[in-house]
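Let's take a walk through a protein model together, with an eye on its helices and its charged side chains. Have a look at the picture first, and then read on.

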There are 2 protein chains.
Amino acid sequence: MVLPRAARTQRRTRIQEEKEELILEAALDVFATHGFRGSTIDQIAEVAGMSKPNLLYYFRTKEAMHRALIDRVLDNWLDPLREFDAEGSPVTEIRSYIRRKLEMARDFPRESRLFANEILQGAPHIEDELKGPLKSLVDEKAEVIRSWAKSGKIAKCDPYHLIFAIWSTTQHYADFDVQVRGVLGEEHSGEGRFEDAARFLEQLFVSGLEIRNGGA
Amino acid sequence: MVLPRAARTQRRTRIQEEKEELILEAALDVFATHGFRGSTIDQIAEVAGMSKPNLLYYFRTKEAMHRALIDRVLDNWLDPLREFDAEGSPVTEIRSYIRRKLEMARDFPRESRLFANEILQGAPHIEDELKGPLKSLVDEKAEVIRSWAKSGKIAKCDPYHLIFAIWSTTQHYADFDVQVRGVLGEEHSGEGRFEDAARFLEQLFVSGLEIRNGGA
DNA sequence: GTAATGTTTTACCAACCGGTCAAATTATCA
DNA sequence: TGATAATTTGACCGGTTGGTAAAACATTAC
């Protein structure tokens, strides 16, 4: 049989599992650094250590590879926000959300860059996800934050822009890594920068959202 | 004479000025949305409304166009940070730095995306600028912030990460515009979102950097 | 006006791109 | 083992890419 993968309905082989894994790993490397249009199948094939037709045996088109990658990564990417707990203490929740996002920036920078590239270039492949599942999740969590503000647990603030601020500050360390290292210089480009960032951001957001006595 | 522009040492004609302007404008459009590798000369030529060879008469290669664009935009991009004044009041300076950066995100989103694409993809064309002029400027301003913290005018914090936080939160509204609009929904995607963002970010940074009475 | 220079276009090229095909090779399992 | 299905490969295709050559056309300087 030479039916392409998408047409096969039955169980997947061991080889299929392994090779698809291998390909997506290589594709993540390439798509994350060059964006969809800037990436070539040959390049992914080379990174994956297989021939181009072989790669196309598992994913029929470049778009199919990208799609599969997005689908697999998006869920994990949103996990930290899902864990955001309405019942917890606001300060603790925000603090640990920041921490989790920073850990992801440190441990999965390619995944972050994959989305950054995609969104930067107008999100042509994930617009539906943005306006659907992502928006819903954010709406839900924004409501939680709003209720915290209303009941006087944190300062009044726009919950959406708070979430944007946490996203941008944390993902900055993955997406703009080259710039961060360039500015900090060789001597401060060890993993310690993530600790420094965590300290700074926790201070900024926690005391920035505290209710002040004489505040307006 | 058919000598390419780079070899011409003398005065530039009116046509040259106009056409180079036109080309760079089109190139900004294209490079900002697709990144260097994802952009094609044909595409830029089409946006500029001229033929490809005509375009290549003014800029001999795709890289030359990109280079010229980066050089022209980088300076303006750093202006807000340069205006950051050591003699001013910390709160005022930080507040107006945020405001200026947000205005640039609103008024010059393509310029922001041009750099975002470049840095995301490893800054292959501007690494020198990052480690040279940019680093120097940031070092200088970081020293100012450090002195403010030392003399008790603002809370103690890592000045580099403060600058990163201001960059990321403000540029987010240019670079991730599609996501911001997707999440906010049609009804909140007017220009008002920049006002909301300004209000939120000023509150966050100003009260986040205030000296607290009972603070650690 | 006309000669020199500056600008634009048409036609083109070699390399690369995403993708196909058929044949060769390897794994699976009765 | 051998038949059958799964995997891999080399050769190839039409379209696109960055870039060139040379001639046609426009502008300027005298």
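Start with helix 4 of chain B, whose 22 residues reach 33 Å from the first C-alpha to the last, close to the 32 Å expected at 1.5 Å a residue. Helices here (H or I, at least four residues) are DSSP runs, numbered from the N terminus, and the expected span is 1.5 Å times one less than the number of residues. Before we go further, remember that this is a predicted model: local features need pLDDT of at least 70, side-chain atom pairs count only at pLDDT 80 or more, and totals for chains, interfaces and linings use all residues. As for bookkeeping, residues are numbered from 1 along each chain as its sequence is written, chains are lettered from A and ligands numbered from 1 in the order in which they are written, and side-chain values use heavy atoms, leaving out hydrogens and water.

Back to helix 4 of chain B, which has a kink of about 25 degrees centred on V73(B). That bend is the angle between axes fitted to the seven residues ending at a residue and the seven starting there. V73(B) is also one of the buried residues of this helix, along with others including M65(B), L69(B) and W77(B). Buried means under 20% relative accessible area, exposed means over 50%, and partly exposed is in between (1.4 Å probe, protein chains only).

Now for the charges. Side chains of opposite charge can pair when their charged atoms come close. We call it a salt bridge when a side-chain nitrogen of Lys or Arg is within 4 Å of a carboxyl oxygen of Asp or Glu. Helix 4 of chain B holds both D71(B) and R67(B), four residues apart, about one turn of the helix, and their side chains meet in a salt bridge at 3.1 Å, N to O. D71(B) is partly exposed at 43%, and R67(B) is partly exposed at 32%.

Stay in chain B and move to helix 10 (residues 192-209), where D196(B) and R199(B) sit three residues apart, about one helical turn. Their closest N and O atoms are 2.9 Å apart, in another salt bridge. Which label does R199(B) get for its accessibility? At 54%, R199(B) counts as exposed, whereas D196(B) is partly exposed at 28%.

Over in chain A, D177(A) and R181(A) form a salt bridge too, at 3.5 Å. D177(A) is buried because its relative accessibility is 13%, while R181(A), at 36%, is partly exposed. Chain A also has a network of salt bridges linking E25(A), D29(A) and R110(A).

Terms used. Helices (H or I, at least four residues) and strands (E, at least two) are DSSP runs, numbered from the N terminus.
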